[in-house]
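Please open the structure in a viewer and keep the sequence at hand.

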Amino acid sequence: MRRKLAFRVAAGGCVFMLLLFAAAMLSACSDVTLPAPSLPSPVYTMSVTYDGERRVEVAQELVFTLRGDAEKIPLHLYPNAFSQRASTPPCLPEEKENFYYNGESFGNIDVSNVVLNGKTADTVISEDGGILTVSCDASAGDTITLSLNALITLPECNARLGVAQDSVNLSAFYPVLCFYDGEEWRTDAYSAIGDPFLSDISTFYVTLTAPEEYVVAASGEVTRSVLRGEDRVTEISAENVRDFALFLSPDFERETVSAETARGDVTVTYFYISDEDASATAALAARAVETFSAAFGDYPYSRFTLAEAEVGAAGMEYGTLATVSPALSAESREQTVVHETAHQWWFGVVGSDQIRTPWLDEGLTEFSAAYFHLLNGDTAAYTAAVSAARDYFSLYTSLPAAIGFDGSLSRPVSSFLTAGEYTAVVYCNGLLLFDTLLSLTGRSAFTAALADYFETCAFSVAAPSDLAAAFSRAGFDILPVLAAYGA
Ligand SMILES: [Zn+2]
C-alpha cells in the first residue's frame, strides 16, 4: 500500500504511506516457474454476482489441507469491518471526508449454508463480526471442503471494499481462510492503519456475473467472457496468488503493453479512467516488471494488471494486480506504480507478516521503488528518495523526547496511533535499513542476496530470519544491523 500523506517525503510526491490436489496443483502451477508451495494451495471456487448497486452474492467452495489438528476453523469476514458493529472505524478521522464521499455508509457480510465435508456445520461469529468460526473435527493432513453462501452489502466509500466514486472495489470481499502459522490460527482484526492482511498463496477460479457495462480488472486472467441477457459473465483463473481482487467500472479504458523477462513476456494491462498519459503509466509498470525480474528473479505469472481506482490510498497491492489512485500528481503516480509493482515480489510472491513485521513488507518495497532508479542508472533519483525518507523519519526522531517516539522496526501495526508515525517507521526507516545494507554489502552481493531471498521464500510467508539467512549465504551477517534498526 502507498498512502497519501500530509508531509512530503519525496520531491513533488506524498509517499506513505502459501497432496491432496496433486493433479489440480500440477495444472495450477503451469503459469509458475518458481518452486511450488510446500503444501497444496487452498483452492477457492466462487460464483460472484454483482447487481450494479451495492449487493454482491457469493457462492464459495474452499478446499484445503489442514496443517494442524483443528476443532475450529476461522475465516475472516472483512466486509464487517465496514459495519456498524465493527470495533474500530475502517478509516482514520482525518481520512473520513474523502473516505465517505457521499456521507457515512455501512457495509456488511451475511454468511449462510455453511457445509463442511458434506455436513451442515455449526458456526459462531465474533462479537465485532470479523471472524466466522466453523466447528470441525479433523486432523493434520485432512482435506477440508468448506462451502457457503455470502451476501455482501457494499459501503459507499473510497476504500479497498466499496462502491467508490469511479469504480466498484472488491478486495477481501469473500470469506478468507485465516492463516495458520504453525502454532495458531491468526485472527488479527482489520485496522485503518497498515495492511492488516495475512494469507496463504491460494488458487481462485471465479465466475463473475455483473451488468454488461462494467469493465473488469481482475487478479489472474480472464479465460472466458460472454453476454447473458443484460449481464456479462466473466470467468477468471488466478492460480497460486496471494489474494484475489476485482475492480469494476463502466469507465475503464484499457492500455496493454508487454514486459520482457528471461522467463518470457508478461502482459501488462492498465485499466484507467482519467490518466491523461496512460500509455506512459503502462510502459512504466512494464519497465518495473522488467527491472525487478532482472534484479530479484523473474515475475512468475504471465499477467500483471494495474487499475486506476480510489481505495483511500495512493495505491494498493493484490495478487497479480495493483491499484493507483486517479487523484495523484504525475510524479506521485509514477512513484506509486513502481512501489505497487515491487509489491508483486514482496507480498505477492514472497509474503511476510504485514501485521507483526510490516517493515519487511513495506520497508523492502519502498526501498525497491527507490532501487528501481539505481538499477536503471539514475543515481540522483535514488539518492533523492533516500534523502526524502531520511528527512521524513527525522521529523519524528527530532520530536521532544517526552513524546516517546519509537523508531524501532520491530513495531507491529497495532502499535501505531497515526498514519504519519507508521510511515516514518515502517516505510522510511525500513527503506533506510535496506540502504544501509546496500552500502555495507555492495550492489552485486546485495542484489544477489535479495534474489536468493526471493527464490528461497517464494510462495511462503517469510520472516526477518529468512532475510538474514539469505544475506548470510552471501557471506554477510546482517543480524547486528537489524538489531541497530530495532528489527
Ligand atoms: Zn506498499
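Select strand E17, residues 231-241, and locate Asn240 within it. The model is a predicted one. Although Asn240 is not a glycine, its phi is positive, at about 55 degrees. Most residues other than glycine have a negative phi. Is Asn240 buried or exposed? Asn240 has 27 other C-beta atoms within 10 Å, and it is therefore buried, the cut-off for that class being 20 or more.

Ala172 counts as buried because 21 C-beta neighbours lie inside 10 Å.

Select E6 together with strand E7, residues 131-138: the two run antiparallel and are joined by three bridges. Within this pair, Val124 stands opposite Thr133 in E7.

Now select strand E1 (residues 43-50) and strand E2 (residues 55-65). These strands run antiparallel and are joined by eight bridges. Across the pair, Tyr44 stands opposite Leu62 in E2. The hairpin of E1 and E2 has four residues between the strands, and Gly52 takes a positive phi near 85 degrees there. How many bridges connect E2 and E8? Eleven bridges link them, again in the antiparallel sense. The bridge partner of Glu61 in E8 is Ser147.

The next stop is strand E22, residues 315-318, in which Gly315 lies. Gly315 counts as buried, because it has 29 C-beta neighbours inside 10 Å. Show the residues that Gly315 touches beyond four places away in sequence: among them are Met1, Arg2, Thr336, His339 and Glu340. Gly315 and Arg160 are 155 residues apart in sequence, while the distance from C-alpha to C-alpha is 9.9 Å.

Colour the domains next. The domain assignment gives domain 1 as 41-247 and domain 2 as 358-484. The C-alpha centres of the two domains lie 31 Å apart. Seven residues from domain 1 and seven residues from domain 2 take part in the contact. On the side of domain 1 that touches domain 2, there are four nonpolar and three polar residues, and no charged residues.

Finally, select the whole protein. It contains ten helices and 25 strands. The radius of gyration is 21 Å, close to the 23 Å that the globule rule gives for 487 residues, so the protein is as compact as a globular protein of that length. Along the principal axes, the C-alpha trace spans about 60 × 50 × 50 Å. Of the 487 residues in the protein, 52% are buried.

How values were computed. Residues are numbered from 1 along each chain as its sequence is written. This is a predicted model: local features need pLDDT of at least 70, side-chain atom pairs count only at pLDDT 80 or more; totals for chains, interfaces and linings use all residues. Two strands pair if DSSP finds at least two bridges between them. The radius of gyration is taken over C-alpha atoms; the globule rule is 2.2 Å times the number of residues to the power 0.38. A residue is buried if 20 or more other C-beta atoms lie within 10 Å of its own, exposed if 12 or fewer, and partly exposed in between; C-beta atoms are placed from the backbone. Domain bounds come from an automatic or database domain assignment. Two residues are in contact if their C-beta atoms, placed from the backbone, lie within 7 Å. Ala, Val, Leu, Ile, Met, Phe, Trp, Tyr, Cys and Pro count as nonpolar, Asp, Glu, Lys and Arg as charged, and the others, Gly among them, as polar.
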